[in-house]
Each structure stands twice: as structure tokens, then as C-alpha cells.
Amino acid sequence: MSAATTRSRTPDRLCAEAVDLARSAAEEAAAPGVVGEHAGLVSEGDRVVTHFFECKELGYRGWRWAVTVARASRAKVVTLDEVVLLPGPDALLAPEWVPWSERLRPGDMGPGDLLPTDAEDLRLEPGYTGEDEPAPNAPVSHEMAELVEAEDAEVTAGTPANLPAVPSRGSIAAVAEELGMRRARVLSRYGLHVAADRWEEAYGAKTPMAQAAPASCVTCGFLAPIGGSLGQAFGVCANEFSPADGRVVSLTYGCGGHSEAAVMPKPPRPAPPVIDETRVDPFPLRPAADSGSVPVASDGESEDLGHS
């Protein structure tokens, strides 16, 4: 270890004894009554010492007033360098600043909020290309320019200053608008994968609801299909009693509201009543002739047997 290093770690005696000077500077910079006890010192270099004082300011728990004093070579007068308020080892600090784009979470947007999209967003890609290239039959195309130069003919009406650079009728943007596909940017392959991963995590096969479901959504009658490449793995739930109603769900997701999970049984038919009050039962006043144990005989048969 060199002699210069040893001297820099050893506080200068006069600078170390200048506690009153450091306290006066801290009280002048701070509000009255917020500078506490002396909390130590540290050597910053040759004849440079920083004194620390406790801070009693509300909201600055663990912070310290740092007053740096210095002395010139072979001088006996200590001068003030700077006064700052610095956090100590156990100071109460604000959380690390995070950009708004990283703090934003689903559901944070409210009515009237606008969410700007970065021009280089990896989730998006151009909806069509060649916007700045003229159509092959346009007056400013390379083929028509060569033909005009060869034939020495005028193919445009008016001066070039009065004509658009690209005719709107022959531009790619006009064709895209006519076909209903004029979107400046569409989902890129990365954007599709990010959305698919997010939907699969929320309503996919690994969720507790899907693990306990009797069947998957691919066989459910309440699944509304969606178009595009995402339709091969996702759909929209249309069951109002399902926890995923109106949500994009994976075809492997499932819940207890599956259309074929349990068929409602037919209502049982009630048993016939013991007493039928809708029918009239006849009750004769006299017993029937053939209701006894002796058969009914005619008068001739009775005379043969000796009966009167």
C-alpha cells in the first residue's frame, strides 16, 4: 500500500475537527431544527472530509446531511466545499422508477384514456407494402417514363406540378381501401404468439377450471368460432353462465357449463292418484243376481228339484 493511499484514508486532523463549521453550513442549508446529532465522518481524499448529521425532516427517515470540508496544502484554514442531503444505509427511499409502458397492466385504461403505440412495436407489422411505389400504369412509373422518353409523347394532362406524385386510383392504398383492408399495421407473427400465450395462460388447458371440466371447449355448443389463424386454437365463449363468457378461450379449455356435460333428465310423470275424483263409480242399491254363490236357476229347474 502506497503512502498516498494511506494518507487519503486517514482523515485530516483540522478537517475532522471542523464539526461546528459543518453544522453551521448544514443548518444554513436546511430548515431550522432539522439537523440532528453528528453521525460520523469519512475521508474523501487528502485534506477532504465529509461530516454526516442526522436529518429530522419528516419523510426523510434514515437520511443524513453530508457536509464536505477541505483544506489547502500547508493551510490552516478549513473551507466549506458542499452541503447535500444523502440517503443513509437504512434510509426510506422511493421505489425505482419504471417507465409507464412497463407499469401498464391489463385493465388500467379507463374511459377517455389514450394508449400510444410505438412505431417500432414488435407486435405489429405493415398491413400492406409498396405505398410509395407508383402503379405500373401510372404516369410517374419507370416503365411509362421510359416509354415517354422513347416516343417523345405527352401522356399527362397538365403540368407535372399540378399532378399528384402517385395517382390515388392506382395506388396500393386505394386498392386496399376498396377491398376493406386498409389498415396501416396488422398483427405480426410475434404479436400473434404473444396474444396466444396470454390467452392460453388465462383460459387454457392448464387452468384449474379446465382440469376439473368434464370436456373441452372444442366439443361445446356454446363455442363461437373466430376467423384467421388464431381460430385454429381459440374461440369465444357464448355461455352466459360460464366464467369465460365473452372471453377468448382455448379449444382445450373447459368448464362445468359444457353443452354436453350433463343432459337434463325428463321430468318424472306423477303416479296415478289413489282416489280418482274425476270419474263416477256406480253403487247399486241392490246386489246383482249373479253376485251370490248359488247360480240363478229358472222356475222349471226349481220344480224338478222339489223346490217351491
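Buried means under 20% relative accessible area, exposed means over 50%, and partly exposed falls in between (1.4 Å probe, protein chains only). What you see here is a predicted model, where local features need pLDDT of at least 70, side-chain atom pairs count only at pLDDT 80 or more, and totals for chains, interfaces and linings use all residues. Residues are numbered from 1 along each chain as its sequence is written, and side-chain values use heavy atoms, with hydrogens and water left out.

View 1. Helices (H or I, at least four residues) and strands (E, at least two) are DSSP runs, numbered from the N terminus. Of the chain's 308 residues, 21% count as buried. Take the contacts (heavy atoms within 4.5 Å) between residues at least 6 apart in sequence: 52% of them join residues at least 24 apart. The chain's accessible surface is about 23,600 Å², and carbon and sulfur atoms own 56% of that; the areas come from the Shrake-Rupley method with a 1.4 Å probe.

**View 2. Here is the largest pocket, with about 770 Å³ of space.** A pocket is an open set of points on a 1 Å grid over the protein atoms alone, where a 1.4 Å probe fits, with protein on both sides within 12 Å along at least five of seven lines; lining residues have an atom within 4 Å of a point. Its volume is the space filled by probe spheres set on those points, which are joined across faces, edges and corners. The lining has 23 residues, and Leu104, Leu115, Asp121, Arg123 and Arg198 lie nearest the centre. Helix H4 (100–103) and helix H7 (189–202) are the elements that give two or more residues to this lining, with H7 supplying the largest share, five residues.

**View 3. Ser242 sits in the loop between strand E8 (234–237) and strand E9 (248–250).** Ser242 is buried, at 8% relative accessible area. Leaving aside residues up to four places away in sequence, Ser242 touches Cys237 and Cys255.

View 4. A disulfide is a covalent bond between the sulfur atoms of two cysteines. In this model, the term goes to a pair of cysteine sulfur atoms within 2.5 Å, and the structure holds zero of them. Cys255 is buried, with a relative accessible area of 8%.
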